[in-house]
Amino acid sequence: MLEMQTVKKNNQLYGGEKITALYCRLSRDDDLSGDSNSIVHQKEILGEYAKRHKFSNPTYYVDDGYSGTNFNRPDFQRMLKDIESGLVGTVIVKDMSRFGRNYIMVGYYTEILFEQAGIRFIAVNDGVDNEHDCDEFTPFRNIINEWYARDTSKKVKAVLRAKGTSGKHLSAIPPYGYMKDSVDKSRWIIDEEAAAVVREIFKLYVEGKSTNQIADTLNERKIDSPLVHFVKKGMPNRANKNGNPVWSGPSIYNMLEQEAYTGCTVNFKTAKKSYKSKDQIFLPREEWKIFENTQEPIIDKETFAIVQQMRECRRVPRRIDAEPNIFAGLLVCADCGKSLSRHMGASTNRNTSYVCMHYRKQNGCTPHHITLRALSEVVLTDLLKVCACVRDREDEFVQAYRNDMAKKNSRLYGASKSELKRIENRCAEIDEIIRKLYEDNVRGRITDERFDIMSKGYETEKAELKLKAEKLQVALQMDARDEENLEQFKRLVRHYTAITELNTEILNAFIEKIYVGEVVKTEILTKRKRKKYLKTRTIRIVYKFIGAVNLN
């Protein structure tokens, strides 16, 4: 809240006469933009009123496109600063709803702050003038104005919910890379100039570049940022007020999470706590509505999935000359389940190795030390072996995969069916127990309070059992998903036909996780009866879509 200062006249600027603040406001809900007709109409009314009643120094304060429930409006705040500085003597609005639609805040400003500051407040159409007798109906009018805002908010939400559920874009402005069709404004089409930059950004990130490095590259090549691009093309954009004229790491990072680039529409990612608040909360992915193939894709889904996996891990080199950590986010300690972190030599990348993070920080595990060179050789050999098997012996590979899945699903199927049957029986028991409790309650054998406590407990248990049953039902439908995963892996192998070395893109495209075991020393005897230690290590590679592969 403002702390009101002693009211002083500014003789130098205003000739000893204070400003008459003519405040105008229009909400976006009125579906108008710019200095709209409604704003012009308000100006005419207030200007004529000030002239007719001989108010001095009439000055307009205009907020076009701002909700009445939020008082953090640019010109409203500017008016408050002028009031605090003692420059304003009178505030005039067309009606109370133009001032605001939050009856508590409206009452604070008009009945407390303005009174303390000696401000005369007039609402022309409502007949409000605090210099004369107070209008006792004004507080009720403010409440009605807030009810109107609440009702409007509900209607707007209902329209947006229906629109979003039908698969239409809720965003009025397409993301960088798309633009609205000149004929059908609801349809997004590719902006080829911007789309080429989007593809380049995804490509550089997959190659291991950080978002800041990508931004520096684009700025060095003098490629227009989204703000500059939109302004040059005369296209509306979200960045008009706070946009960055150059590329930045955060702007690149935000683009990388735009699922719309894969050709789908994603609605209901965010929500507002209430109609009075503009703060948005991010909803969990389960509450999103995703509609496929609503526009032509700029980025294929495989590349987008790779990028999302890479974004989950930090990939910033520790030294300027350090190479990207191509195994970032993929290595897991086979014993404690913690990640393996990278160790680099003092002066060269050739001494790079990986060590269990749990061992490094708490000594709670063994080192699991492995060099980058040794790890790369093992992974590349196994990957080439799997790809060769898929290409050259596809029938054999498919049959082995199906046999393996059949064994796993058989065990899962038997256990799941048994557990599902147990859940169904227990749910039936709970229904019978609740029925008997209800009868006992009706007959007075147990009190209402006791009945509420017991029935609530059983209802909670039943709800948990139903949720568990739904998960088991999903698990029992794995056969079709297994075949789909197999086809996706085969497509992946066909896409990467000539793998000669490992890089960030290859690893994140093929591999889910790599479990690194500790070195095991086995004592053996040589022919000369001398002791010798054989070192072995287990490295388990879990591939995308198909899991771990055991090729004989």
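The protein has 17 helices and 20 strands, taken as DSSP runs numbered from the N terminus (helices are H or I with at least four residues, strands E with at least two). What you're looking at is a predicted model, in which local features need pLDDT of at least 70 and side-chain atom pairs count only at pLDDT 80 or more, while totals for chains, interfaces and linings use all residues. Residues are numbered from 1 along each chain as its sequence is written, and side-chain values use heavy atoms, with hydrogens and water left out.

Of the 552 residues, 39% are buried (under 20% relative accessible area, with exposed meaning over 50% and partly exposed in between; 1.4 Å probe, protein chains only).

Let's start with an open sheet of five strands, ordered 2-1-3-4-5 with mixed pairing; two strands pair if DSSP finds at least two bridges between them. Its edges are strand 2 (58-64) and strand 5 (128-129), each pairing on one side only. Strand 1 (residues 19-26) runs parallel to strand 2, with seven bridges between them. For cysteine 24, the bridge partner in strand 2 is valine 62. Helix 3 (residues 74-84) lies across strand 1, strand 2 and strand 3 (88-93), at about 145° to strand 2 (axes are lines fitted to C-alpha atoms, for helices over the stretch in contact, and angles run from 0 to 180 degrees between N-to-C directions).

Now find arginine 120, in strand 4 (residues 120-123). Is this arginine buried or exposed? At 19% relative accessibility, arginine 120 counts as buried. Leaving aside neighbours within four places in sequence, its contacts include Phe55, Gly89 and His132 (contact means heavy atoms within 4.5 Å). The side chains of arginine 120 and glutamate 131 make a polar contact of 3.3 Å, that is, a pair of N or O atoms within 3.5 Å; within protein, one must be able to donate a hydrogen and the other to accept it, and residues adjacent in sequence count only if both atoms are side-chain atoms.

On to the aromatics. Rings of Phe, Tyr and Trp (its six-membered ring) pair if their centres lie within 6.5 Å, with planes under 30 degrees apart called stacked, over 60 edge-to-face and the rest tilted. That rule gives 24 aromatic pairs. Tyrosine 176 and tryptophan 247 are edge-to-face, 5.8 Å centre to centre with 75° between the planes. Tyrosine 176 sits in the loop between helix 6 (138-165) and strand 6 (178-180), and tryptophan 247 in the loop between helix 9 (226-233) and helix 10 (249-256), so the pair ties together parts 71 residues apart in sequence.
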